[in-house]
Amino acid sequence: MTASRVRQTLASVASVPLTLFGLILVTFLIGRAMPIDPVIAIAGDHAPPDVIARVRTELGLDKPLPVQFAIYMGQLLHGNLGNSVMTSHPVTEDIARFFPATLELATVAIIIAILIGVPLGVVAAWRQGSRFDHVVRVVSLAGQSVPVFVLGLVCLLVFYAKLGIAPGTGQIDVAYEGMVPPITGMLVLDAALEGDWDSFWNAGSHLVLPSLVLAYFSMAYITRMTRAFMIESLAGEYIVTARAKGLSATRILWRHAFGNIAVRLVTVLALAYAGLLEGAVITETVFSWPGIGLYLTGSLLNADMNAVLGATLVIGLVYLVLNLLADLAYRLLDPRVR
Amino acid sequence: MTALSTYLSRDWLLSETPSSRTHAAWVRRYRGWLQFRGNGLAMVGLITVIVMIVASLAAPLLAFQDPSAQDLAGRLAPPSAAHWFGTDELGRDIYARILYGGRVTLGMVVAVVLLVAPIGLAVGCIAGYFGGIVDRALMRLTDVFLAFPRLVLALAFVAALKPGITSAVIAIALTAWPPYARLARAETLTVRNTDYIAAVRMTGARSGRIILRHIVPLCVSSVIVRVTLDMSGIILTAAALGFLGMGAQPPLPEWGTMIASSRAYILEQWWVPTIPGIAIFIASLAFNLLGDGMRDVLDPRQR
Amino acid sequence: MLVEIRNLRVQFPTATGLSDAVRDVSLTLGQEKLGIVGESGSGKSLTARSIMRLLPGNARISADRLAFDGIDLLRADEATLRKIRGGRAGLIMQDPKYSLNPVMTAGAQIAEAWRVHRGGSRKAAGQAALDLLTQVQIRDPERVARAYPHELSGGMGQRVMIAMMLAPDPELLIADEPTSALDATVQAEILRLIEDLVSRRGMGLILISHDLPLVSHFCDRVAVMYAGRIVEELAANELTRAKHPYTRGLLDCLPSLTHPQARLKVMQRDPSWLT
Ligand SMILES: Nc1ncnc2c1ncn2[C@@H]1O[C@H](COP(=O)(O)OP(=O)(O)O)[C@@H](O)[C@H]1O
Ligand SMILES: [Mg+2]
């Protein structure tokens, strides 16, 4: 690793705190601009004026905006995102409870999306212009065009209501609820760790529909990018060299053409994983999946400001970290960037 | 008369040896059009988009019925001759509501694009042209906005502003401009140090003028491609906001909102929420097909 | 005969129908050194790549006969072609910066060529790669074998390319402007290396270039191409007897120490050469 590469890598890591600061500032400003009065939310609608004044001072809302921001930052540094009005728990606790379900859903979805999307993109590029290529193109454009909530609802209608081959909404059947003690918070994993196979299969079957819906959403993106990268790579002179060496088609395709895009693809996959957070917000709402997306939309409808801002901030943070990983993967893995 | 027919002839438009700059430009455009026309999917997209625009503009003529006229006795009726797509939970004609909903959706898309493209262009061109600290500051700003998933940031904005169609447009615009800024900056960087910009600078032109007259026009074609491809994203985000109760509010016939309010009937009267869903899908797919074809012609590098 | 070409034609589809890139080309080659010269776009590369059936996907190829060591290349199946490619005929391209795989080490790329045609263990192939790097006169084979293409200079890269193509011990080497992307000082070294290897191993060579004197210096025979056709073919030592006006034009455009001219001539092209 050369000095300049180290410097660039450090620079991209160093820009993260700045972006994070901006992220916090944006959420803070959104919070202050909210039409809901946080004092009334805490003290109640009919609180006497002196109580309202006291709560206002306690919250630091009588101070100038920069001071308020400093206080907010101070609380964040202590991991304090305030209390949720809806659950009356600290927001950090809530998020810790809801986040694993999102992680479970998104991880299963990204694995499905990669396993299907990457080979589709590679073969479509290899047979560019063929009927197969056209079908892949339409399927992936459709995936980028279909609203996730419509797809989710239609899947529920067809596979749950009409065919009866998929379970309904939620993370597990009501009968099994609360049987598995939370370890990681990811129900399927916890059930496996406990050796509770009934719960495992039940939770697993609940995971199928939402993760497939979510996977289609990012599979479309992965396929498109893989195809575009592969077409570019297959046009490279080194592919002519590989053919001139007498290599087999499979070896040319995977070792030489795909080998050249693997690192860039890792970047795309990290971004796709981050993009799943967005899809997860809607998918969770449709499937009543108890993840951070459901928490966020629930808090929105209840005008629960701390919860909304906390969830937004956490999702932003995860997104930021995944973007950073994508960037680092590129810098550290590709021999050409050295 | 003869002159005009020369100009409109295929040979003139396909000439290998154009006689003037205008001629060359027309040859290029015609070749682009031929390439676009050869792409069946892109043509399907173009025609669907045109039909959609015409249908929403002519909604009062095509709808036969008032989209907000309630008929509680005939609620949740299946599709029939009187109600082509059936009626919703308040007995309103779904066909009419879909047509008027197209107006809402396309209106939101146009509003967002009109807000976003100038902001993105301005930020990107200024950052790219001046470089240095200006560039770094502006790019850090775009990074902050890119650091949120679009829908999540839009949700937070709408919550701060108060749910409604105006807030939704502003929120989507606030989350949609960063990619345009990045694009415009990249294009600006490639021309900033060229000789002809240096020549313009030597005539004493001021920076504002150089950016407006010489740099912005160069970014326009890639921005157009990006806008077309972005349309479907805007449609989906607007619909998702509506679905989550944060966008257009009932009784406005916005497609996402229509799904939200009839979601409970998915199992029994499945067509009530499904038909607006199909409308969203078709609109978004049409723009994707169109943008995809345009990109192949205008900007093969960008994928 | 190692290579027989009779009336080769290569076409590409365009907006206004098929257009000829190579037409009516006939050549034969034994264990000798043939030069192909001609300006850029005259069809040299397409002609040479036809012998390995390595044309771009949209190219249409036809010929009365196209054979390598008696094998009909137009009817050969993919497996036969793969044995010829790399195994019996090697191709060296212009710029190692693009023709080497950027994400594989030099050693891995050479070892791959070795293993595909000769089999054997990974370790043996790695050893063979080092050996081949020594044969192309690289002083520090271990370091170069571990290096990625972008870490090598142009001359080094081209030596790696040569080593890779020599790995299966082919009978024919096609060098398509192997020195055009290199510095003038390195050019001579690389050409001498190729010449040396070719005569030591008794291979046939097709050397493509746009530099007529250089080609005539290294080769036994020279074919001159213009606009997709061979306009003249002669022995290298009979260049001065060239008849075709294009060849004469090429020779006249060169500066000479023995017959200095105030102004170099500029070639006057005649449309009748195209027919
Ligand atoms: N992939 C291709 N598509 C269309 N035309 C091509 C392609 N490759 C080569 N050609 C045409 O064939 C002609 C000869 O190409 P080439 O053999 O590479 O020339 P040379 O090697 O002599 O410079 C070029 O002028 C070009 O017009
Ligand atoms: Mg060539």
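At what angle do the axes of helix α5 and helix α9 of chain A cross? I noted roughly 35° for α5 (residues 91–126) and α9 (residues 197–234) of chain A, with the axes coming within 6 Å.

**Ground rules.** I am working on a predicted model, where local features need pLDDT of at least 70, side-chain atom pairs count only at pLDDT 80 or more, and totals for chains, interfaces and linings use all residues. Residues are numbered from 1 along each chain as its sequence is written, chains are lettered from A and ligands numbered from 1 in the order in which they are written, and side-chain values use heavy atoms, with hydrogens and water left out.

**Chain A, helix pair.** Axes here are lines fitted to C-alpha atoms, for helices over the stretch in contact, with angles running from 0 to 180 degrees between N-to-C directions. I looked up the hand of the crossing and found that α5(A) passes α9(A) in a right-handed one. Right-handed means that the near helix is turned clockwise from the far one by less than a right angle. I then sorted the residues of this contact into 25 nonpolar, 6 polar and 2 charged. In this sorting Ala, Val, Leu, Ile, Met, Phe, Trp, Tyr, Cys and Pro count as nonpolar, Asp, Glu, Lys and Arg as charged, and the others, Gly among them, as polar.

**Chains A and B, overall.** I counted 13 helices and 0 strands in chain A. Chain B also gave me 13 helices and 0 strands. Helices (H or I, at least four residues) and strands (E, at least two) are DSSP runs, numbered from the N terminus. The C-alpha atoms of chain A fill a box of roughly 85 × 60 × 40 Å along the principal axes. For the C-alpha trace of chain B I have about 75 × 60 × 30 Å.

**Chain B, a cis peptide.** I found a cis bond between B:Pro250 and B:Pro251, with omega about 10°. B:Pro251 sits in the loop between α11 (207–243) and α12 (255–262) of chain B.

**Ligand 1.** I listed the residues around ligand 1, among them C:Phe12, C:Lys44 and C:Asn58 (a heavy atom within 4 Å). The shell divides into 4 nonpolar, 6 polar and 2 charged residues. Helix α1 (residues 44–50) of chain C supplies the largest share, 3 residues.

Which side-chain atom lies 2.6 Å from an oxygen atom of ligand 1? I traced it to a polar side-chain atom of C:Ser45. A polar backbone atom of C:Gly43 is 3.1 Å from a ligand oxygen, and a backbone N or O atom of C:Leu46 is 2.9 Å from one. Taken alone, ligand 1 exposes 560 Å², of which the protein buries 61% (Shrake-Rupley method, 1.4 Å probe).

**Chain C, sheet.** I followed 6 strands of chain C through an open, mixed sheet in the order β7-β8-β9-β3-β10-β11. Two strands pair if DSSP finds at least two bridges between them. β7 (89–92) and β11 (229–235) of chain C each have a single partner strand, so one side of each is left without a neighbour in the sheet. The twist averages 15° from one strand to the next. I checked β7(C) against β8 (residues 172–176) of chain C: they run parallel and are joined by 4 bridges. Within this pair, C:Leu91 stands opposite C:Ile174.

**Chain C, one backbone angle.** I noted a positive phi, near 55°, at C:Arg53, a residue other than glycine. C:Arg53 lies in the loop between α1 and β4 (60–62) of chain C.

Notes:
Polar contact = N/O pair within 3.5 Å; in protein donor to acceptor, adjacent residues only side chain to side chain.
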